[in-house]
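Here is a briefing on selected features of one structure. Look over the sequence and the model, then read the points below.

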Amino acid sequence: KMIQVYNSVNFDVIAAYMTRQAVNDYASHGEDGLLMNVRKRIADRCFGILANYTTCCDTRAQSKSQLLIPEKMKLLPLVCMGLKKSRMFRQSLPTSSSRTCRPSPSADERAYHIIYSSNISPSMAFLNLYPSLYDVTNLNENIGETVTLKPSSHLRSHGSEEDIKIQMASIAPYIQLPFTIRSSISTVNDGGIYLLDDGFTYSLF
């Protein structure tokens, strides 16, 4: 059933799908490849996904003219807006009033991100469109340390040496990071320190 598709959706995959489809539109010949038309088709796909849910899956919308957003796709309009305003598809504008200023994005920046995004991974696609924001104002002592997980106590007591080796191989050390907060101006304080990660660059402010 269609409702099961919406309830089991992987949003990272949706972000990658929207990104790759937009890149394919841009690479097409004729008017479909114009930036203005690419941005329009991004909005049309977002509308189509939500309209299909409203029509086929949600009985509450039968007497309403508004679109309803499924629980697992609440960020879809925000992600589509981020895609339209990304360095791939936004209009190049001067960064200052000087005649010698460089446009943003430049042709090289746009080309790089389009080529990269033509085969972008789901996790990277979502991070690029909805960056991770870390609050680093007051960090705990363990932040930044390398954490190595140990096999479960049950496995150490009853598991064979081969089982322990297999589990250890599947447990990769990782760096303890601060918790992320919602990427919104409402979550940022004037006196705070924040780290923004969009998958390409880190910005500290």
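His113 sits in helix H5, residues 107–117. Helices here are DSSP runs of H or I with at least four residues, strands are runs of E with at least two, and both are numbered from the N terminus. The model is predicted: local features need pLDDT of at least 70, side-chain atom pairs count only at pLDDT 80 or more, and totals for chains, interfaces and linings use all residues. Residues are numbered from 1 along each chain as its sequence is written, and side-chain values use heavy atoms, with hydrogens and water left out.

- His113 is buried, at a relative accessible area of 7%. Buried means under 20% relative accessible area, exposed over 50%, and partly exposed in between, with a 1.4 Å probe and protein chains only.
- Not counting residues up to four places away in sequence, His113 touches Arg87, Met88 and Phe200. Contact means heavy atoms within 4.5 Å.
- Met88 is 25 residues from His113 in sequence, yet their C-alpha atoms are 6.0 Å apart.

**Strand pairing**
- Strand S3 (residues 132–135) pairs with strand S7 (residues 194–197) in the antiparallel sense, over four bridges. Pairing requires that DSSP find at least two bridges between the strands.
- Asp135 has Tyr194 as its bridge partner in S7.
- S3 also runs antiparallel to strand S6 (residues 180–181), joined by two bridges. Here Tyr134 stands opposite Thr180.

**Tyr202**
- Tyr202 belongs to strand S8, residues 202–204. Tyr202 is exposed, with a relative accessible area of 62%.
- Leaving aside neighbours within four places in sequence, Tyr202 contacts Leu195, Leu196 and Asp197.
- Ser132 and Tyr202 are 70 residues apart in sequence and 9.8 Å apart in space, C-alpha to C-alpha.

**Aromatic pairs**
- A search of the whole structure gives eight aromatic pairs. Rings of Phe, Tyr and Trp (its six-membered ring) pair if their centres lie within 6.5 Å; planes under 30 degrees apart are stacked, over 60 edge-to-face, and the rest tilted.
- Phe11, Phe126 and Tyr130 are linked by ring pairs into a cluster.

**Cysteines**
- The disulfide count is zero, where a disulfide is a pair of cysteine sulfur atoms within 2.5 Å.
- Cys46 is in no disulfide, and its nearest cysteine sulfur, that of Cys80, is 3.9 Å away. Cys80 is likewise in no disulfide.
- Cys46 is buried at 9% relative accessibility, and Cys80 is buried at 3%.
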